[in-house]
Amino acid sequence: MKEIKLISGEILHLGEPLLEDAAAMVTYAKKVGDETDNLTFDGADFKVTVKQEEAFIKMHKKEENHLCLISKIDNEIVGMLSISGSNRKRCKHIGEFGISIMKKHWGKQIGTIMLEDMIEWAKKHGHVTKIDLSVLKKNERAVRLYERLGFKHEGTRSRASFQGGKYLDTYLMGLEID
């Protein structure tokens with residue numbers, strides 16, 4: 001795992017998860033799902049078992065167009081990112097990713113660090129040459145981050161989420177890796 005000193009002075013450990021991280025990843029996902037409505041799930045929706053998470057880790061290590069990253073501070077998972085490419089020959093070059101950061105660690109540039117690492121991975125390995133994402137339009141902070149890293153707006157998906165009695169739209173964004 002890479003060690004990166006954050007603007008807060010804390011040391012961030014960034015790298016691919018090991019099988020022994022699976023239980024902590026499940027706990028993390030349930031907790032982060034309850035902290036924000038910017039994700040597609042809440043803690044109760046996340047029903048992945050430790051065995052399923054272990055299979056997820058193995059798959060991401062095996063597939064050349066997949067990557068999973070975790071960030072840890074003081075041995076606690078504080079961020080997670082995964083990108084998955086299609087298994088279809090015509091679409092293998094497209095990876096769609098999701099990212100989450102524990103709310104108490106927002107504003108420490110962890111998201112930027114994880115995204116830059118993913119983009120460098122794509123450039124280095126060449127299997128993913130287009131990175132796609134969807135983000136709630138109301139999540140302006142994330143939208144600005146993606147724009148700053150070069151992601152372009154490619155469209156809008158209406159009624160992508162239903163929260164608090166309202167439908168919410170998402171932006172579809174993409175980054176071409178050359």
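## A first look at this predicted model

Asp 117 is buried, with a relative accessible area of 17% (buried means under 20% relative accessible area, exposed over 50% and partly exposed in between, using a 1.4 Å probe and protein chains only). Welcome to a predicted model, in which local features need pLDDT of at least 70, side-chain atom pairs count only at pLDDT 80 or more, and totals for chains, interfaces and linings use all residues. Residues are numbered from 1 along each chain as its sequence is written, and side-chain values use heavy atoms, with hydrogens and water left out.

**Salt bridges**

- A search of the whole structure turns up eight salt bridges (a side-chain nitrogen of Lys or Arg within 4 Å of a carboxyl oxygen of Asp or Glu).
- Asp 117 meets Lys 2 in one of them, at 2.2 Å from N to O.
- That pair links distant parts of the chain, with Asp 117 in helix α3 (residues 110-125) and Lys 2 in strand β1, 115 residues apart; helices (H or I, at least four residues) and strands (E, at least two) are DSSP runs, numbered from the N terminus.
- Lys 2 is partly exposed, with a relative accessible area of 45%.
- Asp 37 and Lys 138 also form a salt bridge, at 2.9 Å from N to O.
- Asp 37 sits in the loop between α1 (22-35) and α2, and Lys 138 in the loop between β6 and α4, so this pair ties together parts that are 101 residues apart in sequence.
- Glu 154 and Lys 130 meet at 3.1 Å, N to O.
- Glu 154 belongs to strand β7 and Lys 130 to strand β6, so the pair joins parts that are 24 residues apart in sequence.
- Glu 154 counts as partly exposed at 45% relative accessibility, whereas Lys 130 counts as buried at 13%.
- A network of salt bridges links Lys 130, Asp 132 and Glu 154.

**The sheet and its helices**

- Eight strands make an open sheet with mixed pairing, in the order β1-β2-β3-β4-β5-β6-β8-β7 (two strands pair if DSSP finds at least two bridges between them).
- β1 (2-5) and β7 stand at the edges with a single partner strand each, so one side of each has no neighbour in the sheet.
- From one strand to the next, the twist averages 25°; axes are lines fitted to C-alpha atoms, for helices over the stretch in contact, and angles run from 0 to 180 degrees between N-to-C directions.
- Strand β2 (residues 11-15) pairs with β3 in the antiparallel sense over three bridges, and Leu 14 stands opposite Ser 71 in β3.
- Helix α2 (residues 50-62) lies across β3 and β4, at about 120° to β3 (contact means heavy atoms within 4.5 Å).
- α4 lies across β5, β6 (130-136), β7 and β8 (166-176), running at about 160° to β6.

**Aromatic rings**

- The whole structure holds five aromatic pairs; rings of Phe, Tyr and Trp (its six-membered ring) pair if their centres lie within 6.5 Å, and planes under 30 degrees apart count as stacked, over 60 as edge-to-face and the rest as tilted.
- Phe 97 and Phe 151 have ring centres 6.0 Å apart and planes at 50°, so this pair is tilted.
- Both Phe 97 and Phe 151 are buried.
- Ring pairs link Phe 97, Tyr 146 and Phe 151 into a cluster.

**A loop residue**

- Asn 75 is found in the loop between β3 (66-73) and β4 (76-85).
- At 66% relative accessibility, Asn 75 counts as exposed.
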